[in-house]
Amino acid sequence: MILTDKETTAIKDLQTQEQSCIEKYRRYSGEAKDTVLKELFQRLEQDEEQHYQSLGKVLNGAVPDCNCNDTAGRDYQPKATYTSLGETDDKKNDCFLATDCIGTEKMVSSEYNTNVFKFADAGLRKLLADIQIEEQNHAEMLYKYKTVNGMA
């Protein structure tokens, strides 16, 4: 597959977003106080790394297969660490980190939504739509973490 200049630029821009997410999750896993949140950040970092790699394959002319039936958000059931009562400094810190990441996931999902129709190749559009769903699942997982910990 040969990308147009417009398509190449869009993929590179999406890769930049993914790289930013990778770095954010790496940093935030070090800053999180709760081990459940640390593990979630590490999982999401791996997902974002996979997105980055998939986009790299596209830049090299190949469209990787995708799982367009992702249920990670629906199936995620975090265990509560914090009670809904009380606002400790650790809880406030972790709430900030999770909330910030939800905003990031919303923005990145929107970027995929905006860019998906710039591409002529149906397989590539399918890949981008799948990544968008995974970004939405990330936000859902973070929201579930906040909800179970009395942060939402």
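This is a predicted model: local features need pLDDT of at least 70, side-chain atom pairs count only at pLDDT 80 or more; totals for chains, interfaces and linings use all residues.
Local features were taken at pLDDT of at least 70 and side-chain atom pairs at pLDDT 80 or more, whereas totals for chains, interfaces and linings use all residues. Residues are numbered from 1 along each chain as its sequence is written, and side-chain values use heavy atoms, with hydrogens and water left out.

The protein has five helices and zero strands. Helices (H or I, at least four residues) and strands (E, at least two) are DSSP runs, numbered from the N terminus. The order of elements from the N terminus is α-α-α-α-α. The radius of gyration is 17 Å, close to the 15 Å of the globule rule for 152 residues, so the protein is as compact as a globular protein of that length. This radius is taken over C-alpha atoms, and the rule is 2.2 Å times the number of residues to the power 0.38. Along the principal axes, the C-alpha atoms fill a box of roughly 55 × 25 × 20 Å.

Two helix pairs were examined. Packed helices are described by the angle between their axes and the distance between the axes. Axes are lines fitted to C-alpha atoms, for helices over the stretch in contact, and angles run from 0 to 180 degrees between N-to-C directions. Helix α2 (residues 35-59) and helix α5 (residues 122-148) have axes that come within 11 Å and cross at roughly 170 degrees. α2 and α5 are therefore roughly antiparallel, a term for angles over 145 degrees. Their contact (heavy atoms within 4.5 Å) includes Leu37, Phe41 and His51 of α2 and Leu128, His138 and Tyr145 of α5. By class, this contact has 14 nonpolar, three polar and five charged residues. Ala, Val, Leu, Ile, Met, Phe, Trp, Tyr, Cys and Pro count as nonpolar, Asp, Glu, Lys and Arg as charged, and the others, Gly among them, as polar.

The axes of helix α1 (residues 5-31) and helix α4 (residues 89-115) also come within 11 Å, crossing at roughly 170 degrees. α1 and α4 are therefore roughly antiparallel as well. Eleven nonpolar, four polar and seven charged residues make up their contact.

Of the contacts with a separation of 6 or more, 82% join residues 24 or more positions apart. The accessible surface comes to about 8,100 Å², of which 48% belongs to carbon and sulfur atoms. Areas come from the Shrake-Rupley method with a 1.4 Å probe.

Gln19 lies in helix α1. Gln19 is partly exposed, at 34% relative accessible area.

How values were computed: Angles under 35 degrees count as roughly parallel, over 145 as roughly antiparallel, 65 to 115 as roughly perpendicular and the rest as oblique. Buried means under 20% relative accessible area, exposed over 50%, partly exposed in between (1.4 Å probe, protein chains only).
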